[in-house]
Amino acid sequence: MARLTDTTSEAPDANALAEQLQALALARGVQITAAESCTGGGVSAAITAISGSSGYFEAGYVTYSNAAKRRLLGVSEASLADFGAVSEAVVREMVRGACRDSGAELGGAISGVAGPGGGSEEKPVGTVWLAWGSEARQQARCFHFPGDRQAVRDAAVRVALQGLIECVEAWQG
């Protein structure tokens, strides 16, 4: 199985990863949610493209604006002001809020700078924070994906799915 460090073009495609996630989630009886920003629902789309996903996929949230992150997921104004939307604090809060709101045991969250604009010296285009976990516990990692907007979004979706697979494998429900 591909691991989080495998973001090359040889990595499994989103469809294969979504199929693997579905098999694991259904076998373990775990409900999944996704909270997305820069991928605009790409993770949710990959998951729901597989027939039978309603057996484990509870809800998907596309919270592109900071206001939506606050309103729908309960991301704090302080985290957004202190760290920005593309930060560890925010993606962790996105996972917590998505799990809390949907009732899913596990979730993934993504916030990043897909480009071509919007980057900064501190957070250049391709910077993406991802988090996985439950309402009680999350892990997060920052990635720097190369390429144009679509390449960044595609890589983020693949890594998000890989992380969800690993999260389900480790889940002790």
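Predicted model: local features only at pLDDT ≥ 70, side-chain atom pairs only at ≥ 80, totals over all residues.

Colleague: What makes Ser 37 buried, and where in the chain is Ser 37?

Modeller: The relative accessible area of Ser 37 is 5%, and because the limit for buried is under 20%, Ser 37 is buried. Its place is in the loop between strand S1 (32–36) and helix H2 (42–48). Not counting residues up to four places away in sequence, Ser 37 touches Thr 63, Tyr 64, Lys 69, Met 94, Ile 110 and Ser 111.

Colleague: Why is Pro 146 called exposed?

Modeller: Exposed means over 50% relative accessible area, and Pro 146 has 66% relative accessibility, so Pro 146 counts as exposed. This proline lies in the loop between S5 and H6, and with residues up to four places away in sequence left out, Pro 146 touches Ala 151 and Val 152. The C-alpha atoms of Pro 146 and Cys 167 are separated by 25 Å, the two residues being 21 residues apart along the chain.

Colleague: How do you know how many disulfides there are?

Modeller: A disulfide is a covalent bond between the sulfur atoms of two cysteines. The rule asks for a pair of cysteine sulfur atoms within 2.5 Å, and by this rule the count comes to zero disulfides. For Cys 142, the closest cysteine sulfur is in Cys 38, 11 Å away, and this is too far for a bond. Cys 167 is in no disulfide either, as the nearest cysteine sulfur, that of Cys 99, is 8.2 Å away.

Colleague: What is the volume of the largest pocket, and what lines it?

Modeller: Rolling a probe the size of a water molecule over the atoms shows where empty space is left. The largest pocket has a volume of about 260 Å³, and its lining includes Leu 106, Trp 132, Ser 134, Cys 167 and Trp 171. Strand S4 (127–133), strand S5 (138–144) and helix H6 (149–170) are the elements that give two or more residues to this lining, and H6 gives the most, with three residues. By class, the lining of the largest pocket has five nonpolar, five polar and two charged residues.

Colleague: And what do you find for the second largest pocket?

Modeller: The second largest pocket has a volume of about 180 Å³. Of the 15 residues that line the second largest pocket, Ser 37, Cys 38, Tyr 64, Gly 112 and Val 113 are the closest to its centre. Helix H3 (66–73) and strand S3 (106–112) are the elements that give two or more residues to this lining, whose residues divide into six nonpolar, seven polar and two charged.

Colleague: How do you know whether the radius of gyration of the chain agrees with that of a compact globule?

Modeller: With 173 residues, a compact globule would have a radius of gyration near 16 Å, and the chain has 15 Å, so the value agrees with the rule. Along its principal axes, the C-alpha trace spans about 45 × 35 × 25 Å, and 52% of the 173 residues count as buried. Among contacts between residues at least 6 apart in sequence, 68% join residues at least 24 apart.

Colleague: Which peptide bond is cis?

Modeller: The peptide bond from Gly 115 to Pro 116 is cis, with omega near 5°, and Pro 116 lies in the loop between S3 and S4.

Terms used
Residues numbered from 1 in each chain as written. Heavy atoms only, no water. 1 Å grid on protein atoms, 1.4 Å probe; cavity = no way out; pocket = protein on both sides within 12 Å on 5 of 7 lines; lining within 4 Å. Points joined across faces, edges and corners; volume = space filled by probe spheres on them. Helix = DSSP H or I, 4+ residues; strand = E, 2+ residues; numbered from the N terminus. Nonpolar A, V, L, I, M, F, W, Y, C, P; charged D, E, K, R; others polar. Rg over C-alpha atoms; globule rule 2.2 N^0.38 Å. Buried < 20%, exposed > 50% of the residue type's maximum accessible area, 1.4 Å probe, protein only. Contact = heavy atoms within 4.5 Å.
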